[in-house]
Amino acid sequence: MRKDGYYSSGQFAKLAGVTVRTIRFYDKQNILKPSFVTEKGARFYTQEDLGRLQQILLLKYLGLSLDDIKELTIADEDYHILRNQLELQRTLVQDKIEQLQLVQKAIESTVATIDSNQHVDWMKMQELIHLTSMENTLKAQYQNSNNINARIRLHNLYATNQEGWFPWLYNQCEMKSGMRVLEIGCGNGSLWIENMDRLPENMEIHLTDASQGMIRDVRRTIQALRMEKGMKGEIVGATNQALENRRTPTFKYQVLTAEKLATLHQTYDLILANHVLFYVNDLEDTIEQIKAHLNPGGRLICSTYGKNHMKEIRELAHEFDERISLSGDVLYEKFGLQNGKGILEKYFSRVEQRNYEDHLEVTEPEPLLEYILSCHGNQNQYLLDRYKDFRNFLTKKTKKPYIITKEAGIFISQ
């Protein structure tokens with residue numbers, strides 16, 4: 001049987017430069033299904049399918065797993081999602097290069113030790129094993145960073161408050177020369193990246209995050225930005241004397257969870273926790289640790305959401321499929337705008353609440369779709385197989401500006 005505009009499995013495989021076995025494998029894995037199947041089971045593919053197959057082969061070459069590829073075989077109009085994943089892969093390649101350089105040095109050092117001492121230094125061998133196993137954790141760490149970027153992007157594109165969250169947050173901090181600042185859960189570092197030109201001289205800024213990948217990404221971005229601006233003072237773990245001699249702000253980086261602040265052996269004038277405290281396991285203990293690391297007169301500035309924040313997105317996903325939940329936890333119930341002040345007043349003599357006035361007016365489906373797919377809930381379980389239907393659903397919703405409530409703010413505790 002021959003159909004106009006369709007290719008048999010053999011023709012399709014030949015055009016793509018792969019085997020028929022590969023085509024059948026992707027069919028069984030639900031990665032690339034044929035556009036037409038006859039009653040006798042003959043499979044036929046289109047030119048559009050060929051484009052999708054080339055996309056699959058590219059992603060496979062770049063090192064993505066089959067599960068990732070299944071999520072990323074998308075329509076041409078959603079190129080931005082593919083672009084974001086390619087940016088993620090570029091970051092991973094950068095990291096692999098750095099990792100392999102470390103492995104090379106470790107191998108050379110181990111070989112030199114064997115040549116000079118005529119025995120194996122098993123501690124060096126253990127270091128070598130650790131370095132070669134690092135790659136297994138990189139992807140998950142950077143995927144988390146990519147998800148944060150997707151959520152920030154929606155706000156940057158459609159927020160009606162022209163000041164922007166991070167410039168507004170920076171203004172509340174009242175940064176001064178010589179201050180020592182700690183940020184818990186720095187994420188992608190947007191607070192500092194967006195306000196780099198405004199930082200006073202001679203500050204020490206200590207950035208921490210639970211994700212090693214996030215810290216590596218932030219350090220790389222800030223270093224590149226400071227080099228571009230001709231700023232010096234970028235060091236990791238400087239001595240106090242070195243810090244005193246520098247005029248430009250100095251950044252330090254550390255992988256650290258909010259619950260482990262007790263391991264820090266210094267105090268701060270300002271501690272920041274931007275949308276972090278509702279994630280910690282033991283909130284009371286974490287606040288106690290924060291208080292213990294503040295200098296006399298020092299301040300904690302922490303941000304959080306209210307119960308109405310982004311409620312329209314939750315409603316949108318639920319309208320499409322009532323089984324979808326974008327978050328497994330109701331974060332604002334643990335530490336939100338409605339209860340945060342009462343929690344903090346148990347530990348601080350003065351607590352002030354300041355709300356950020358804003359809302360979103362979304363006019364395109366793609367950033368909204370990207371935001372929803374980046375959430376921590378079960379949405380991928382129900383959306384990936386109905387991707388085109390969901391995209392069409394969002395396209396209809398955004399034909400006129402789709403209004404999304406924002407309810408966010410900060411508490412300043414002293």
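# Reading rings and burial in a predicted model

Tutor: Let's open with a cluster: ring pairs link Y6, F36 and F44. Rings of Phe, Tyr and Trp (its six-membered ring) pair if their centres lie within 6.5 Å; planes under 30 degrees apart count as stacked, over 60 as edge-to-face and the rest as tilted. Keep in mind that this is a predicted model, where local features need pLDDT of at least 70 and side-chain atom pairs count only at pLDDT 80 or more, while totals for chains, interfaces and linings use all residues. Residues are numbered from 1 along each chain as its sequence is written, and side-chain values use heavy atoms, with hydrogens and water left out.

Student: How many aromatic pairs does a search of the whole structure find?

Tutor: It turns up 15. Take F25 and Y26: their centres are 5.9 Å apart with 55 degrees between the planes, a tilted pair. For F278 and Y279, the centres are 4.9 Å apart and the planes sit at 85 degrees, so that pair is edge-to-face.

Student: What about helices? Which residues of α1 are buried?

Tutor: Helices (H or I, at least four residues) and strands (E, at least two) are DSSP runs, numbered from the N terminus. The protein has 18 helices and twelve strands. In α1, residues 9-16, the buried ones include S9, F12, A13 and A16. They span an arc of only 100 degrees around the axis, which puts them on the same side of α1; that arc is taken from the directions from the helix axis to the C-beta atoms. After α1 comes G17, with a positive phi near 75 degrees.

Student: And contacts? What does Y170 touch, leaving aside its neighbours within four places in sequence?

Tutor: Contact means heavy atoms within 4.5 Å. Y170 lies in helix α8, residues 165-173, and is buried, with a relative accessible area of 7%. Beyond those neighbours, Y170 is in contact with M175, L191, N195, R198, L199 and P200. L191 is 21 residues away along the chain, with 6.9 Å between its C-alpha atom and that of Y170.

Conventions:
Buried means under 20% relative accessible area, exposed over 50%, partly exposed in between (1.4 Å probe, protein chains only).
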